[in-house]
Amino acid sequence: IGSRTVDCDLYWSVSRKWNTKTDTWTRKPEADGRYVFTVISKSNPGVAKQVWTYDANLAKEIDQKYAAPVFGLKLNGNEIIKHYKPIEVVGGNSIASYYKITSINGKKLELVYPKDGKKAVAEMTDKPLIFNTQNMCKVDTIAVGDKVHSLLNSLGEIQIIYIIEKAPVAVKTSYCPHCNKNVTWYKFTGGTANTDGMHYVLTEDYEVVGGKAALTVGSGNTVTNYTTKNIVLDLAGHKITSDYRGINIPTRNNLYLMDSKGGGVIRSTNTKYTDNGFGVLVGQGSNFTFTGGTIDMSGIVQTGCSGPCVYVSSGSVFNMSGNAAIKGCTANYGTASTLSGKTTTGGAIGGSVYVLGPKDGLKGATFNMSGGTISGGRTQGTKNATGGNVTIANGATFNMSGGTIKDGTTTGRGANVFLAGTMNVSGTAKVTNGTLYFSDKGVMNVGNMK
């Protein structure tokens, strides 16, 4: 552990080692008994550096088996230079994951440890720091049902609370076009949606920083061993912004994305890291249905990336209809680093949408477009760039019965569409102001046009 984001512009770095096998702190203090660490400005790392020190005598309080030291939190100019350790429940169990809050009575919290059902009671300080781990720039509030990781000060009081997952808050009951019935809609708070059948609605704009997806649909699945989560999200005219990825739909999960009020937007502002699907990443064997709102990456250039707006993995299905829109996505060929620090060179395949072919025993992905608009996509940086708006890989299928693809550009082939798979065209489908390029593998079937 060398650094950790603690607010919008600061992180700490300390010379120490963390033994992940035994979870013990092996770093020794300096000769004068102090731990020295530095707070650096992420936006201007070469300038202001503030050295903080930590009294090693307090290290005696460290729980050598469970504690993960937390240093140098700074909030609105208030410095906190203390050592913290997790709450422990009866029987000596530490917080391996989280507690769930069962009661809040003044400063007293009652919690249950889901792993074994054991309970804990602890007092908070007068003004505990409460952070949502999905967005460390935002100070939050706690509620019964929240899943939290709480840290104690030297007096045994809760001074820092990390919210791992917010308890669902019901907003309204109304009709869901996907379910064709009235349902309860819950406030969107980001993070991982692991409860099947949930319906979320944005009640305000949502922004997340720190290299995370604003929403992850389900977790823990593999292609052959999975429990599928089905989630509905209504943008309701609001905007989701991430400095990394808007929505992640991991392997074998499903998302229905709508916009009941119009004007809703999903946007990634990432220009630092390379990956695919910064708007929406559709994992293997997953389904993504998009009926309203706009995935808008206008002005953002993604280097080393393919399919920056929507990346459709093998075995998956992407359905686009209604007033859904994808625009302004630019995939640039070049060298960049992934979030994990690996350097790669490539990209410029599918400026807006990249639909993959067979892989890992799965058939090629399918893109069904019956409405909506894809526009202004671009691939650049190499003559081998493909599909300014859409690239259909060999073995993938594109069924277009409606909607419009327009105004794509590329330094390679297929300003609007690059086709190496199969494209079935019918109905009111329209491709305009940009070329459609057939590779030697590409096949187009034209049905009844209106």
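This report describes the strands, sheets, salt bridges and one surface patch of a predicted model.

## Basis of the description

Residues are numbered from 1 along each chain as its sequence is written. Because the model is predicted, local features need pLDDT of at least 70 and side-chain atom pairs count only at pLDDT 80 or more, while totals for chains, interfaces and linings use all residues, and side-chain values use heavy atoms, with hydrogens and water left out.

## The parallel sheets

An open sheet of nine strands runs in the order β18-β21-β24-β27-β31-β37-β40-β43-β46, and its pairing is parallel. The strands named here are DSSP runs (E, at least two residues; helices would be H or I, at least four residues), numbered from the N terminus, and two strands are taken to pair if DSSP finds at least two bridges between them. The edges of this sheet are β18 (191–193) and β46, each of which pairs on one side only. On average, and with direction ignored, neighbouring strands of the sheet are turned by 10° against each other; the axes behind this angle are lines fitted to C-alpha atoms (for helices over the stretch in contact), with angles running from 0 to 180 degrees between N-to-C directions. Within the sheet, strand β37 (residues 353–355) and strand β40 (residues 390–392) run parallel and are joined by three bridges, and valine 355 has isoleucine 392 in β40 as its bridge partner.

A further open sheet has four strands, ordered β30-β34-β39-β42, again with parallel pairing. Its edges are β30 (301–303) and β42 (409–410), and each has a single partner strand, so one side of each is left without a neighbour in the sheet. Strand β39 (residues 378–380) runs parallel to β42 and is joined to it by two bridges, with threonine 379 opposite threonine 410 of β42.

Strand β35 (residues 334–337) pairs with strand β36 (residues 343–346) in the antiparallel sense, over four bridges. Glycine 334 stands opposite glycine 346 in β36, and threonine 335 stands opposite threonine 345. Five residues lie between the two strands of this hairpin, where glycine 341 takes a positive phi near 100°.

## Salt bridges

The model has four salt bridges, a salt bridge being a side-chain nitrogen of Lys or Arg within 4 Å of a carboxyl oxygen of Asp or Glu. One of them joins the side chains of lysine 107 and aspartate 126 at 3.2 Å, N to O. This pair links distant parts of the chain, 19 residues apart, with lysine 107 in the loop between β10 (99–105) and β11 (108–112) and aspartate 126 in strand β12 (residues 119–132). Lysine 107 counts as partly exposed because its relative accessibility is 37%, and aspartate 126 is exposed at 66%; here buried means under 20% relative accessible area, exposed over 50%, and partly exposed in between (1.4 Å probe, protein chains only).

Another salt bridge joins arginine 245 to aspartate 275 at 3.1 Å, N to O, and it links arginine 245 in strand β24 (residues 245–249) with aspartate 275 in the loop between β26 and β27 (280–282), 30 residues apart. Arginine 245 is buried, with 7% relative accessibility, whereas aspartate 275 is partly exposed at 26%.

## Arginine 267 and its partners

Arginine 267 lies in strand β26 (residues 265–268) and forms a salt bridge with aspartate 296 at 3.9 Å, N to O. The two residues are 29 residues apart, aspartate 296 being in strand β29 (residues 294–296). Both ends count as buried, arginine 267 because its relative accessible area is 17% and aspartate 296 because its value is 15%. The side chain of arginine 267 also reaches the backbone oxygen of serine 298 at 2.8 Å.

## A nonpolar surface patch

Phe438, Met444, Val446 and Met449 form a nonpolar patch on the surface, with about 360 Å² of accessible area together. Patches are made of residues with over 30% relative accessible area and no salt bridge, where nonpolar side chains (Val, Leu, Ile, Met, Phe, Trp, Tyr) are joined within 5 Å and like charges within 9 Å; the areas come from the Shrake-Rupley method with a 1.4 Å probe, and for residues only the protein chains shown count as cover. Strand β47 (residues 443–449) contributes the largest share of the patch, three residues.

Phenylalanine 438 belongs to strand β46 (residues 436–438), which is an edge strand of the nine-stranded sheet. At 38% relative accessibility, phenylalanine 438 counts as partly exposed. The C-alpha atom of phenylalanine 438 is separated by 6.4 Å from that of alanine 420, which is 18 residues apart from it along the chain.

Notes
Polar contact = N/O pair within 3.5 Å; in protein donor to acceptor, adjacent residues only side chain to side chain.
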